[in-house]
Amino acid sequence: VRYSRKQASLDKKLDESLRDQLRWAHEHISSQNLEVLRDWRKSVTLELENLAVFLCHGAPGNRKEVLRVDTPTAKLQRQREIAQADIIICGGAEEAFAKDVDGTLFVSPGSLVGEDGVVRYALINTESAPWSMTLETVSL
């Protein structure tokens, strides 16, 4: 959404291929959709199949804080209290993980694009106990 404003700094951080992809996406998204994305909420709680699912980037209490596989359980317990959900899906971490904390499943799908260049996403199984997450891939 902020590509045009942050282009110079992004050009320094990203490799050429990723910059080209980002530039292409920005050029091909409509102004109306850019405005929708700009106003997008920082977090959302949904009810899916009678489960409360909290989605955010970063941590429920601070979107700039990234939860990782090695985040201490005590910190995850505090985040669980903030979100009050059955499943908390958080972004920002490079490495994917799923961790049960007192009955709440924390899921981070990791980077959208793996090191091998394949797009991936997290699939959460709530049909069997304990709940679990697997990474699925999509070849483009």
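**Cysteines.** I started with C56: its sulfur sits 5.6 Å from the closest cysteine sulfur, that of C90, which is too far for a bond. My cut-off for a disulfide is a pair of cysteine sulfur atoms within 2.5 Å. C90 is likewise in no disulfide, its nearest cysteine sulfur being that of C56. I then searched the whole structure and got zero disulfides.

I looked up accessibility too, where buried means under 20% relative accessible area, exposed over 50%, and partly exposed in between (1.4 Å probe, protein chains only). C56 comes out buried at 12%, and C90 is buried at 1%.

**Ground rules.** This is a predicted model, so I note that local features need pLDDT of at least 70 and side-chain atom pairs count only at pLDDT 80 or more, while totals for chains, interfaces and linings use all residues. Residues are numbered from 1 along each chain as its sequence is written, and side-chain values use heavy atoms, with hydrogens and water left out.

**Second largest pocket.** Next I went to the second largest pocket, which holds about 160 Å³ of space. The search runs on a 1 Å grid over the protein atoms alone; a pocket is an open set of points where a 1.4 Å probe fits, with protein on both sides within 12 Å along at least five of seven lines, and lining residues have an atom within 4 Å of a point. Points are joined across faces, edges and corners, and the volume is the space filled by probe spheres set on them.

Which residues line the second largest pocket? I listed L46, L48, E49, L51, V53, L55, I87, I89, I124 and T126. β1 (43–48), β2 (51–57) and β3 (87–91) are the elements that give two or more residues to this lining, and β2 gives the most, with three. Strands here are DSSP runs of E, at least two residues, and helices are runs of H or I, at least four, numbered from the N terminus.

By class, I get eight nonpolar lining residues, one polar and one charged. Nonpolar covers Ala, Val, Leu, Ile, Met, Phe, Trp, Tyr, Cys and Pro; charged covers Asp, Glu, Lys and Arg; the others, Gly among them, are polar.

L48 lies in strand β1 and is partly exposed at 46%. Its C-alpha is 27 Å from that of L34, 14 residues apart along the chain. N50 is in the loop between β1 and β2, is exposed at 69%, and has a positive phi of about 65° without being a glycine.

D102, in the loop between β4 (97–101) and β5, is another non-glycine with positive phi, near 50°. The A129 to P130 peptide bond is cis, omega near -5°, and P130 is in the loop between β6 (119–125) and β7 (132–138). For context, most residues other than glycine have a negative phi, and most peptide bonds are trans.

**T104.** Is T104 buried or exposed? I find this β5 (residues 104–108) residue buried, at 2%. Its side chain makes a polar contact with the side chain of R80 at 2.8 Å and reaches the backbone oxygen of A85 at 3.0 Å. A polar contact is a pair of N or O atoms within 3.5 Å; within protein, one must be able to donate a hydrogen and the other to accept it, and residues adjacent in sequence count only if both atoms are side-chain atoms.

**Helix α2.** At the start of α2, a side-chain oxygen of D15 comes within 3.1 Å of the backbone nitrogen of S17.
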